[in-house]
Amino acid sequence: MSVEHIIERAYEILNQSIVHYRGKPVGTVAALKHTHLAAANYEECFIRDFVPSALVFLADGKPEIVRNFLEAVLELRTSERTVAGHEIQPGVMPASFTVATDFDGNERLQADFGEKAIGRVAPVDSMMWWLILLFIYTRSTGDDSLAKRADFQQAMRQILHLCLKDTFEVTPALLVPDACSMIDRRMGIYGHPLEIQALFYGVLRITHSLLEDKDPQGDHSLVDTAMTREQALQSYVRLFYWLDLSRLNEIHRYTTEEFGHDSVNVLNVYPESIPDWVIEWMPNDCGYLVGNVGPGRIDFRYFTLGNMLAIMFGLASDEQSERIIRLYELRWPDLVGAMPLKIIYPAMEGLEWQVRTGSDPKNAAWSYQNGGNWPVLLWPFVAAAQKTGRGDLAERAFQIALNKLPLDEWPEYYDGRSGRLIGRRSNSHQVWTAASLIFSYKLLENPELIDLLPH
């Protein structure tokens, strides 16, 4: 099959997935075909899932559906916001929504703020993806009328107020629960997961370009606070999340139980917490941003999406970004394998899997979110590789996906250490799998599309 024919087939999936509300296209469902084990909400439009679809529509000069999506999600703020006896905070966006019809035949939007999700956790990333997509829409179309609308201004301020709210934390990183992002099951990412910090940084970075100077409620310091937090978060992540051989040696020789402003091991990380695998796995001239950092804790696992977003948004420095992408070149079988790209490396096994996941059978070792391979991660990898001047690696990953996805009927994810098996509970004709391949193709044809993203 030619490249053009494969991309045409991907477009068929994307176009068939479009959701309409009152005669207007407002999003795309998660998957067109479901296994008997799949969740029913895959027939809904997920905020994070729609992002690669939106990027394709914008690249094709079809912004109407993206505008309608942004408006539809905003409309859901007026829906019922009390769940299990407590009120959802203003600014929180739903995980997904669907179009329901009442007895009179009237359509209405029905949101899921996490009450139907596994574990009943409200997503933190939805509001961030929504705001970032608003920025991309504005930059792509040159139309800032949507962002300037009073209800959009209010929503953006509510998101920022929520993220910048004072807590017990003294670090600039954002504290969140497990299962609040793309890793939406119990996987030990509670605290300060990299993916959320990268999205948070992206939000902070674009705030000044979207918000009006004057707040009708008299809060004129919000933008200034966001810009200050942006710089603090960047410095914090580049220092405390960065891991290379030099940093490993430093942690290996840490002195613990230090007190005062002059302490080096400020988070009181014990050298004994360094896992055996990372010592031999880390190449000499590479590095990456670890998955999580907190008091007495470093999660040494490699998380793909967080690292790719950090490169795209400028959270990682130029040198760090180049070394992260070089890690793929030297550890290709582990991080890419038979299908781009592995969501987490390495997988948790044995007792660690039992304790951290609660013995979650869907997240068995090297499956689903515990070391599975996710084709949707292709587009952020292609973007990050191109930004660091490694278009060769972007093309290499794209070619692997191009040849396999149509034959395997566009799976949601793959299983196995190298991703050779179609996911045991994976849906077929997964929409963001198809959209990711399309947008990756467009990025390779026109690298200037990267400029649409926050950077």
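User: Which residues of α2 meet residues of α4, and what makes this a contact?

Analyst: On the α2 side they are I47, R48, F50, V51, A54, L55 and L58, and on the α4 side D125, S126, W129, W130, L133, I136, Y137, S140 and T141. The word contact applies when heavy atoms lie within 4.5 Å. The residues of this contact divide into eleven nonpolar, three polar and two charged. In that division Ala, Val, Leu, Ile, Met, Phe, Trp, Tyr, Cys and Pro are nonpolar, Asp, Glu, Lys and Arg are charged, and the others, Gly among them, are polar.

The model is predicted: local features need pLDDT of at least 70, side-chain atom pairs count only at pLDDT 80 or more, and totals for chains, interfaces and linings use all residues. Residues are numbered from 1 along each chain as its sequence is written, and side-chain values use heavy atoms, with hydrogens and water left out.

User: Why is α2 called roughly parallel to α4?

Analyst: The axes of α2 (residues 47–59) and α4 (residues 125–141) come within 10 Å and cross at roughly 10°. That angle makes α2 roughly parallel to α4. The classes are roughly parallel under 35 degrees, roughly antiparallel over 145, roughly perpendicular from 65 to 115, and oblique for the rest. The axes are lines fitted to C-alpha atoms, for helices over the stretch in contact, and angles between N-to-C directions run from 0 to 180 degrees. Helices (H or I, at least four residues) and strands (E, at least two) are DSSP runs, numbered from the N terminus.

User: What makes α11 and α15 oblique to each other?

Analyst: Helix α11 (residues 304–313) and helix α15 (residues 378–387) pack at about 40°, with axes 9 Å apart. The pair is therefore oblique. Their crossing is left-handed, a term used if the near helix is turned anticlockwise from the far one by less than a right angle, with right-handed for clockwise.

User: Which residues meet where α11 and α15 pack?

Analyst: L305, M308, I311, M312 and F313 in α11 meet W379, P380, F381, A383, A384 and K387 in α15. By class, this contact has ten nonpolar, no polar and one charged residues.

User: How do you know that α15 is mostly covered?

Analyst: Nine of the ten residues of α15 are buried: L378, W379, P380, F381, V382, A383, A384, A385 and Q386. Buried means under 20% relative accessible area, exposed over 50%, and partly exposed in between (1.4 Å probe, protein chains only). The buried residues of α15 pack against α2, α11, α12 (318–330), α13 (332–335), α16 (391–404) and α17 (431–445). After α15 comes G389, with a positive phi near 80°.

User: What makes β10 largely enclosed, and to which strands is β10 joined?

Analyst: Eight of the eight residues of β10 are buried, so the rest of the structure largely encloses this strand. Three bridges join β10 to β9 (residues 242–244), in the antiparallel sense, and D244 has G287 as bridge partner. Two strands pair if DSSP finds at least two bridges between them. Four bridges join β10 to β11 (residues 297–303), also running antiparallel. With two residues between them, β10 and β11 form a hairpin, and G296 in the turn has a positive phi of about 65°.

User: What makes β4 and β8 edge strands?

Analyst: The open sheet of three strands has the order β4-β7-β8, with antiparallel pairing. β4 (45–46) and β8 (107–112) each pair on one side only. Two bridges join β4 to β7 (residues 96–101), and six join β7 to β8. A hairpin with five residues between its strands is formed by β7 and β8.
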